[in-house]
Amino acid sequence: MTTRSDAFNKGLRNIVEPVLNDHGFKFDKSRTFRRVCHNEDFSEIINFQLGQRSTEGTFTVNLAVFVDGDADNISVTKALEYHCKPSRRERLRSLMPNWTSVLAGKPILRRWFPATTDKWWKFSENEKFTQKQQAKVLQEIMTYGIPWLESNVP
């Protein structure tokens, strides 16, 4: 029997990894992809974070740019998103268009419909469902995440 995390990891290998590899990212097998650039001066990071406890069965995507020296004793090739300076970290959802953006000029409505910059996508032990979700998210990474990473390199 396939567990949720098994289905998720399989989807990363089959759906996400080939596309990100084509864009220079290497998969570290622990749900993090890195593209090391310019003589290892910095790396661009895409991390898939699984929910725990009350958010179990969901995932989100963290983006970050790590510059050599951001954290003591952390190499550019091993850095994780939380090693990066806060100004170079972002959740994928915050880069995507949001239906609440139409409320920007309507303060009275914003009070009732607050915008969120966080998104947790569902996944399950059903490999087809999980891979379909990952394919959707991969499209958002390509459309919004990669350009954000490239715009935040030193």
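Biologist: At 30% relative accessibility, what does Asp118 count as?
Modeller: This is a predicted model, where local features need pLDDT of at least 70, side-chain atom pairs count only at pLDDT 80 or more, and totals for chains, interfaces and linings use all residues. Residues are numbered from 1 along each chain as its sequence is written, and side-chain values use heavy atoms, with hydrogens and water left out. On relative accessible area, buried means under 20%, exposed over 50% and partly exposed in between (1.4 Å probe, protein chains only). With 30% relative accessibility, Asp118 therefore counts as partly exposed.

Biologist: Asp118 lies in the loop between which elements?
Modeller: Helices (H or I, at least four residues) and strands (E, at least two) are DSSP runs, numbered from the N terminus. On that numbering, Asp118 sits in the loop between α2 (107-110) and β6 (121-122).

Biologist: Which residues does Asp118 touch, not counting those up to four places away in sequence?
Modeller: Sequence distance isn't the whole story, as Asp118 and Val61 are 57 residues apart in sequence and 9.4 Å apart in space, C-alpha to C-alpha. Contact means heavy atoms within 4.5 Å. Leaving out residues up to four places away, Asp118 touches Thr60, Arg91 and Arg93.

Biologist: How many salt bridges does a search of the whole structure find?
Modeller: Side chains of opposite charge can pair when their charged atoms come close. A salt bridge here is a side-chain nitrogen of Lys or Arg within 4 Å of a carboxyl oxygen of Asp or Glu. Searching the whole structure on that basis, the number of salt bridges is 7.

Biologist: How many residues apart are Lys10 and Glu127?
Modeller: Their side chains meet in a salt bridge, Lys10 to Glu127, at 3.0 Å, N to O. The pair links distant parts of the chain: Lys10 is in helix α1 (residues 4-22) and Glu127 in helix α3 (residues 127-151), a separation of 117 residues.

Biologist: What does Glu17 count as at 13% relative accessibility?
Modeller: Glu17 meets Lys29 in a salt bridge, 3.3 Å from N to O. Lys29 is in the loop between β1 (26-27) and β2 (32-37) while Glu17 is in helix α1, so the pair ties together parts 12 residues apart in sequence. Lys29 counts as exposed because its relative accessibility is 56%. At 13%, Glu17 counts as buried.

Biologist: Which residues do salt bridges that share partners join into one network?
Modeller: Glu44 and Arg35 form a salt bridge, with the closest N and O atoms 2.5 Å apart. Glu44 is buried because its relative accessible area is 2%, and Arg35 is buried at 12%. Through shared partners, the one network joins Arg35, Glu44 and Glu150.

Biologist: How many degrees lie between the planes of Phe33 and Phe48?
Modeller: Rings of Phe, Tyr and Trp (its six-membered ring) pair if their centres lie within 6.5 Å; planes under 30 degrees apart count as stacked, over 60 as edge-to-face and the rest as tilted. The whole structure has 8 aromatic pairs. Phe33 and Phe48 form an edge-to-face one, 6.0 Å centre to centre, and the angle between the planes is 70°.

Biologist: Which residues do ring pairs link into a cluster?
Modeller: Phe33 is in strand β2 and Phe48 in strand β3 (residues 42-50), so their pair ties together parts 15 residues apart in sequence. Phe48 also forms a tilted pair with Phe59, 6.2 Å centre to centre and 35° between the planes. Both Phe48 and Phe59 are buried. The cluster linked by ring pairs is Phe8, Phe27, Phe33, Phe48, Phe59, Trp121 and Phe123.
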